[in-house]
Every structure is written in structure tokens, then in C-alpha cells.
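Visitor: I am new to this structure and would like to know what the terms rest on. Please show it to me, and then I will ask.

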Amino acid sequence: MNGEPVNVGPVIEGPANEGPAQAGGAQLPAGRDRQATVLRLGCLAVLLVIAAIFPLVITNALYTQFAVDTMIYVGAVAAWNLFSGYTGYISLGNAVFFGTGAYTVGLLTKQWKLPGGDIFALLPLGGLVAALVAVPLGLVALRVRRHTFVVITIAFFFIFQLLAFNLSFTGGNQGVSSPFFLWSAADYNNPFYYVGLIIAVATISLSWLIRNSRFGLQLLAIRDDEDRARGLGVRTMRTKLTAFVISAGITGMIGGLWWFFIGQALPETAFDPLFDLTVALMAFLGGFGTLAGPVLGALILEPLQQWIGITFTNGYTSDIVLGGLFLAVILFMPRGLVPTGAEFVTKWRVAQARRREAAPGGSAPGGSAPGGSAPPGSPTLGRTGSPGAGTPGASTPSTGTPSTGGVR
Amino acid sequence: MGRELSEAIVDGILGGSVYALMAVGLTLIFGVLDIINIAQGILVVLGAYLSYVLSVHLHIDLFAGLLVTVPAMFIIGVAIQWAFIRPLRGRERTSMSLLATYAVAIIIEGILYIIFGSNYVNLNASYVTEGPKIFGFYLDYIYIYGFLMALLLVLAIYFTLYRTPFGRSVRATMQDQTAARIVGISVNRVQALTFGIGVAVTAAGGMVFGATSGGFNPNTGYDLISRLLAIIILGGLGSIGGAMIAAIFMITLEGVVDVVWSPSWSVVVFYGALVLVLAFRPQGLLGRKAARAQ
Amino acid sequence: MTALLRTDAVTKSFGGVQALNGATLEVEEGTIAGLIGPNGSGKTTLFNVITGYERVDAGDVYLGDQRITNAPPDKVFLAGIGRTFQLTRVFSRLTVMENMIVAAQHADRGGRRLRNPLARAGGPATRQRARELLEFTGIDRHAGALAETLSYGQRKLLELSYVLMADPAIVLLDEPAGGVNLTLITTIADRIRELNQRGTTFLIVEHNMDFVMGLCDQVTVLDYGTAVVSGPPDVIRTDPRVLDAYLGTAEDDDDIAVS
């Protein structure tokens, strides 16, 4: 066992902590956290490899179908989080963009009578239309208070669902159907899976980039104190709208993907009231506003949802179970997995450090601050305070992130 | 046409009063607890089903049955608040209460489906299908009774709010929770009771709704809650007067569009009106222009 | 010589309450000005009006020769007026450094339009300046900590620091000494003096008389929304009108039993 002292993250004070400032303001004491970062990147790489080879290894069509659904939700949640998580404006109307993307792609496919193969090229178009639709919607919705915002997104949702029912070109009750099978039935799900994976990974990467950028900082400032942010010169409307439109565009693309996968868009399935609720729940389960949280939430919840749907064949019972599950998550893990997990890890590490110090000839804190380790009682402050400033790029809840939490 | 139009307007006002009752409960809950009770829609349906059971299986008159259903719904409301809303803490409390009440709604809907199935049912009584002829219109008695009851209950709410000590506590809590606590108001109790009241009025509203809707089943809850939400937003969150005006206005508008244009578009107009109003007046008709973006 | 900041007969009422009633105030450049008055006299309202958080009913606000009446808060900030709040407003879920960077938005406006929006937040120059300011106020050690973990006093220092990021010509401080311990009060006073020597003008609202009298060159007394008297601390301290403002006039005390 190495004699290296454990990095207890938030508690170390003193000049030794002044390392080169990292993106997002987190500081990097040499050595120890380079280790943590490598660990994190390693986990990420492993996950990506697993994700990439999954359908090649597990060929059972049922499971790959689960996988496609999961990828769709991972992407949808990441897109939702990009706006709602960062600005704090909870949107329960993203189904609008999902459905718009689905219908766009579906109608264009019918119109242009496309054969199989190049269909995925239409996805960006679906995303574009959704993004364009988001502009006027956003201009209206983003001027209101947060409470009102949620409801107005719900109102938009109902309007769009009704439009889908009533407008002639959307096919009314019949919706829009895909007329063909695209490729061999054996590996049918795989292309969808990979496209979904690409979209999801791209969205998560974009989220990470945004988180550390000037744009992202503005969004987070808006979340914390919008008026103050505006008073300091942040162009709040423009910033919010940009995030809103980006989120909508990605969601639209995913809707398009979904249309290809399911082969049919009906008003009630393309504009599904449970979609937004599920997405929001996944985000809260994982940790609202963090980077990894929503993804984790989707990875857990979507297969779970599918499993419930299969186990409880009575649709109503499965609804009850689902509702109960939602409640349990909200009541018992309000901050979500990632922050709770992070706090747990920090507490564990502190306990370790304390235990180590208690041992005779305890470790010399080589590289840690001259101030020594923290006075007991202060460690859990600092980073674990809120799900807000997620650890950039983290896909595992290890808190290598060193931030000084020197509270007096 | 003119005749149909006037009838639509009158129907709208009468029907709107029932929606007003349910909307007042919802906006009251928001004002005092700062949460949006998504379950309000399905609770209306639950109230309707309760009336249904009393009416069909126990042959109790619809209005008389309210003596049972209203207290029952009150208790259910308090229970829901205590079990699922009160424990919520933290910065995202409002959003989480939204999800929590949505989850509760799903559960209640599932239970109702299992008990009653998906068939449409109706509340019936002599006065539902009969009515006087006033100024050449046929008006079912139920509408008149419903309107009167709504009026009575809203007046009762106003009276409670403005003339009783409890009402004072409620208004204080609406203004400032912390200050209310400081002067000794048990905010927890006020919140629980207010939630109960807000839900209890749905029992009354549910009964009239069940009698006049032309058939309901558990799925009706979705439509209801989306309308109620639109109404309270239009009226201004937390404003009781606003909720009433908005309810009557929107239901009447929808009824008129129904007649003048087409039924399938009336609903779009309903929500479109909300969006339009918010585009020009983000705080709703009677809402206060609070500090933006809470 | 034109004052740096001037309000001219500003009037503002909220419903039935007359918060400001012809308030006229002048702050000379390079000075530390104090604004005192009993509770409810309109001090914070005046601040709000100057910085654009409230609109005036009548009157004007001038920054130098520029008329900034009713300008929105961001324009006021960009024009060179910084402001802190009675209840400190920091971005709680951002780190201290990130708070500083947000306040540097001004550096990015009016610049080249096609800036890369995904660029890392805060360029080296911004971070350098932020670090200097944080060192100046003494909280640089917490640069990586979330703002919400800061103590009350540290938050006040943070707010002051980020307001200074824009290098304002004048800083409005709303009760900077409120609720902090003695050592910190002295630190704050020292910092203000230092900044003043480097050229920043200050207008300070305070209830702590020692703080105000020891720090300010010029003190204005506000009562019922009007500037009652204005002058150097020694003069103000002994002016009977000030006593009146705080304690009420002798006639008002007639029916109160004097113990």
C-alpha cells in the first residue's frame, strides 16, 4: 500500500493548492489529481468500448432493442440537460421537438420516396426544423418566470399534439408510416443503435465543452441569479434562447431517428406526455444539472422501464409501478445519484484519512498543505454542496476534483 | 347561428364557473405552497368517480353525496401533501413537486383504470337531463345548480381567506413564509390544510364535471389538468380572481369557437389564447410582476 | 466641476409609499461619500434608482455629463457604476473564480462579433486580473471553492471583488459593514481606502456610524426620501437636523413619557 496520503479534496488549504488553474476554475494540485483524472478518463474509455461493441456481442434482438431505446433516451436527456440543467428552466415540452423531428423526417421520406440506405442523412434536417420551430417558441416562453415556463412548455406540447391530430398533411390519426424495411432483419437494430450512440456521445461532448466555456458560464450564472447576471452584462435572452434552440435541434434529430426505428409516427406517440416526464426524471435521478448525472439516470431508468413494461403485462399496473418508482426517486434521492455518490465518496475518503492519521507514525502529508489535514467536521462542505457544478467530463462519481472549501 | 352563439356563451359562462372552482383550488395551492399540483386533474376525475359510486351503488343524490366526497377528498389531499410534498426540500423544490404530483397522478390513474376500467361513465340524475327553457334556451338544471354551487364555494373560500384567523394565516404564508413562521404561524399546518382545501373543491367540481362532460374515464385527467394549468397561468399564478376570470373567459371562448369554427380547432384556440396572452403579459392577467426568473 | 455621480430631485413612490421625494445628491470624483439615514429613508431605493433596478417617477441621474436616468442595470454597469447589495448576491453554485469571470462579461461585449463561444471561460488576462483582485481582498485561497461555501464575510468580499472586475469609476456599496466582525470591518475599510487612492470613487450606505465617519470624506443624510444635509463628517455629526432625522423632532416626543 502506498504511503501517499489520500486527497481529501475540499479541505486542503494553503499555498500548496495554488496549482495551474484548470478549466472551470477547479485547481490541480500536482500529482494526486492527475491520477484521478487519468482514472476518470480510463473509465470513460472503457465505457465507450463497451458501448461500441455491445450489439456485436449481445445479439439477442430484444436486448439490442432495449439498447436502441436506451441510446435514444441518453441522447434526449443529454439534450434536455443542456438547456434545462444549465439554465434551471425546467422544460416539460421537449416532446414538441422530438415529435417535430419525427414528423419532418417521416414526411420528407414519404415525399421524396427515399429508399433505404441514405435515410440517416435526413436526421440533420429534422433537427434543423425542430431548431427553427424552437425560435419563436423560445422567444415567448423565455420571457416568463420559471414556474410559468414549465407550464407554458406543457401548453406548447398540447398544442402541437393537437395540431398533429388536426392538420391534414400530418396524416391525422393515421400519422406517418415508414413503408419499408431497411435491411436484414437479423441485425436490424444495430445501425439505429450506432447512430443513437453517435448522437448521444456527440451531445455529451458538446455539453462538456459548453460547461467549461464562456457560454456555459453565462448559462450557469443565469441559473443562479438571472437578474444579477443581466446586471453584469450577460445577454440573458440571447444566451437562453441559444441553449434552448440547440437542445431542441438535437432532440429533433433523435425524434427522427426514432421514427426510422419505429417506422411510424402517431400524434400520441410522437408527442408523448410521458416522454418529458421520463426525461426529467432521469435527469433528477442522476443529478440535475451535472454532466454525468442525467446520462447515468437514463442508463439506469430506461432499461428499468422496459423491464417493468414486460414484467407487469397489465399496462395499468406497470404505470402504477412506474409512478411509484418515480416517487421513490424523488423522495429518497432528491439530489440525484451523482452528487449523493460524490458526497459518499468524499466522506469515505475523509474517514480513511482520519483512520490513517490515528495510526502511530501516521503518514507524512507529503505534498499536501503545510496546514495539514482538515479539522474534523468541515470536510463535507465544499464540492458536495449541490448538484450544480458538475465535474467536467466525469462519467464516474469519483471526486478527484479538488476545490478548496475553506469555510471559516 | 346567433342563437347557437348566445347559447354557447351562456353555456361557457356556466361551465366556466365549474372550471373556475377547480382552478381556484389549484391556484390557491400554488400561492401557499409554491408548487404546481399536476394531480389536480386526476383528482377531479377521482371525485367524479366517488360521486359515481355513491350515486350508482348507494343511490345517493349527487349533491347529497358531496357531503361524503368533499371531506374524503380533503383528507386525501392532506395525505398526499403530507406524504409526498412536505418531505421535498432543496433548491429545485418546485420542479420536484411537479414531478412528484405527476407521479401521484399516474398512480391514481392506474388505480382508477384497474377498478373502473376504461369505459366512459356518466353521472346521472333527473336534473342533469332536464331543465327549464329560459329565453328560448334549454338549460339543464345541473348547470344552474353547478353555477350556484361554484359561486357559493368561491364565496366561502373568500370568506375564509379574509374573515377568519385561519384565512389570515393562509394569506400571510402566501406573502412570506419566513415571516409567517416568525409570528407563530404553523406553516406546515397551513400548507397541509390548504392543499386539502384545494383538493376538496375538486370533489365538488368533479361531480358537476362528471355530470356535464358527456362521459369521462381515467384518461380524462390529462385533458383536465392541461386546461386547468392554462387557466391559472392565464389568470396569473396565485391570483384567485384571475383564475376565475380566466376560467370563464377561456371556456366561453372555446365554446364559441366550437360553434363558430369547428370543435377540433377550439382546443387549439384554447391554448393559443394562453400563449398569446403570455407573449404580451408574461405574468398573466392578474399576476404580479414579480422579480423575473425565480 | 461636475460631480462624477449626481442625482437631481429624484422622486419615486411605491403605491402609497413615497420612498424618494426630490432626492438630490452629488458625489465628487475621487472621494468616498457616505449616505446615511434612518430605516425607510430611501437609501436602498436611491441605489436602485441609480443602478437601474427601479425607474424614477421624476428627476434625473447623471454620471459625469451623461444622463443615465432609467438606464437598465447592465448599461449602468457598463457605463462604470458597480454596485453591491445588502443581501450579498453571488452566484452560489459557481466557484469564486467563475464568479469573477462572469463579471468580466463586459470585456467581451462590443468586441469582435465572431468570438468562439465555446472558448474556455475567461482568458489569461481576465484570470490574471481576477487573481489579483482576489489577492487584494484576501480570498484568493478560495478561488476554486463554490461561492455558497463561503462565509458571510467572505461573500461580501467576493461581491466587492467581482464588482471591481469591470474597473468601475464609482462603486456603490450597500451596507458593506453590516453583520461582519470587527476585524473584517477594518479590512474592508482599508481596502476601500486603498482603492480610493488608486482612483475609485465610492458611495457607501451604512448604519455603522464609526465606519462611515471614519472613512468618508463627505456624508449625506437622507430622511423621508430627501437629502436633508450634506457635508464632512465632523459637521454632520453635530448638525441638529441629523439628530432630528434619526430620533424625530422634539415635538413628536411630547406624548411619550421621558424616562
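**Terms and values**

Guide: Chain C has a secondary structure of 9 helices and 10 strands. Helices (H or I, at least four residues) and strands (E, at least two) are DSSP runs, numbered from the N terminus. The model is predicted: local features need pLDDT of at least 70 and side-chain atom pairs count only at pLDDT 80 or more, while totals for chains, interfaces and linings use all residues. Residues are numbered from 1 along each chain as its sequence is written, and chains are lettered from A and ligands numbered from 1 in the order in which they are written.

Visitor: Why is V56(B) called partly exposed?

Guide: A residue is buried if 20 or more other C-beta atoms, placed from the backbone, lie within 10 Å of its own, exposed if 12 or fewer, and partly exposed in between. V56(B) has 13 other C-beta atoms within 10 Å, so it is partly exposed. V56(B) lies in helix α2 (residues 40-57) of chain B. R189(B), in helix α9 (residues 187-212) of chain B, also has 13 other C-beta atoms within 10 Å and is therefore partly exposed.

Visitor: What makes α1(B) largely enclosed by the rest of the structure?

Guide: Of the 32 residues of α1(B), 23 are buried, so the helix is largely enclosed.

Visitor: How do you know that the reach of α1(B) is close to the expected one?

Guide: The expected span of a helix is 1.5 Å times one less than its number of residues. Helix α1 (residues 2-33) of chain B reaches 44 Å from its first C-alpha to its last, close to the expected 46 Å. After α1(B) comes D34(B), with a positive phi near 65 degrees.

Visitor: What makes chain B as compact as a globular protein of its length?

Guide: Chain B holds 12 helices and 2 strands. The radius of gyration is taken over C-alpha atoms, and the globule rule is 2.2 Å times the number of residues to the power 0.38. For 294 residues the rule gives 19 Å, and the radius of gyration of chain B is 19 Å, so the chain is as compact as a globular protein of that length. Its C-alpha atoms fill a box of roughly 60 × 50 × 35 Å along the principal axes, and 52% of its residues count as buried.

Visitor: How many residues of each chain count as part of the contact between chain A and chain B?

Guide: Chain A gives 40 residues and chain B gives 46 residues. Two residues are in contact if their C-beta atoms, placed from the backbone, lie within 7 Å. On the side of chain A that touches chain B, α5(A) gives the most, with 13 residues.

Visitor: How do you know that β8(C) is mostly covered?

Guide: Strand β8 (residues 201-205) of chain C has 5 of its 5 residues buried. On one side these are T201(C), L203(C) and V205(C), and on the other F202(C) and I204(C).

Visitor: What makes β8(C) a paired strand, and with which strands?

Guide: Two strands pair if DSSP finds at least two bridges between them. Strand β3 (residues 32-36) of chain C has 4 bridges to β8(C), in the parallel sense, with I32(C) opposite F202(C). Strand β7 (residues 170-174) of chain C has 5 bridges to β8(C), also parallel, and L173(C) has I204(C) as its bridge partner.
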